[in-house]
Amino acid sequence: VERAASATLVRSRPRIDKGFVNDELDGRGRCLQTAGVNFVEIWKLPPSIADHNRLASNDIWAICLSYGVEAARNSIVQQIQGV
């Protein structure tokens, strides 16, 4: 069963290879963590599935292209503070 499940593609989004649902203990609640980033595809999801106001990524270039240089700078600061 596990082999079949790992080989089964449920949904696919360009530039997102894998997805994991995590229950974060820091107060964020349930989070979707992905290997890869595609903000355009995430923006297409309804707010009931993805909270567009709380998106985060460690891909600084993707943030810069999608949100601008100030958002990229803020992401760098948040990542440094999280260490």
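User: What counts as a helix or a strand here?
Analyst: Both are DSSP runs, numbered from the N terminus: helices are H or I with at least four residues, strands are E with at least two.

User: OK, and what pattern does the protein chain follow along the sequence?
Analyst: The pattern is α-β-β-α-α-α. That comes from four helices and two strands.

User: Where does the model come from, and what are the ground rules?
Analyst: The model is predicted, so local features need pLDDT of at least 70, side-chain atom pairs count only at pLDDT 80 or more, and totals for chains, interfaces and linings use all residues. Residues are numbered from 1 along each chain as its sequence is written, and side-chain values use heavy atoms, with hydrogens and water left out.

User: What does the C-alpha trace span?
Analyst: About 45 × 30 × 25 Å along the principal axes of the protein chain.

User: How much of the protein chain is buried?
Analyst: Buried residues are 17% of the 83 residues. Buried means under 20% relative accessible area, exposed means over 50%, and partly exposed is in between (1.4 Å probe, protein chains only).

User: Which residues are closest to its centre?
Analyst: Cys-31, Leu-32, Gln-33, Thr-34 and Ile-42, out of 31 lining residues. Strand S1 (16-24), strand S2 (29-36) and helix H2 (39-44) each give two or more residues to the lining.

User: What makes something a pocket?
Analyst: Take a 1 Å grid over the protein atoms alone. A pocket is an open set of points with protein on both sides within 12 Å along at least five of seven lines, whereas in a cavity a 1.4 Å probe fits but cannot get out. Lining residues have an atom within 4 Å of a point.

User: Now Ser-57. Is it buried or exposed?
Analyst: Ser-57 counts as buried because its relative accessibility is 15%. Ser-57 lies in the loop between H2 and helix H3 (60-67).

User: What is Ser-57 in contact with?
Analyst: Val-37, Phe-39, Ile-63, Ser-75 and Gln-79, leaving aside neighbours within four places in sequence. Contact means heavy atoms within 4.5 Å.

User: And Ile-49, buried or exposed?
Analyst: Ile-49 is exposed, because its relative accessible area is 58%. Ile-49 is also found in the loop between H2 and H3.

User: How far apart in space are Ile-49 and Asp-59?
Analyst: They are 22 Å apart, C-alpha to C-alpha, and ten residues apart in sequence.
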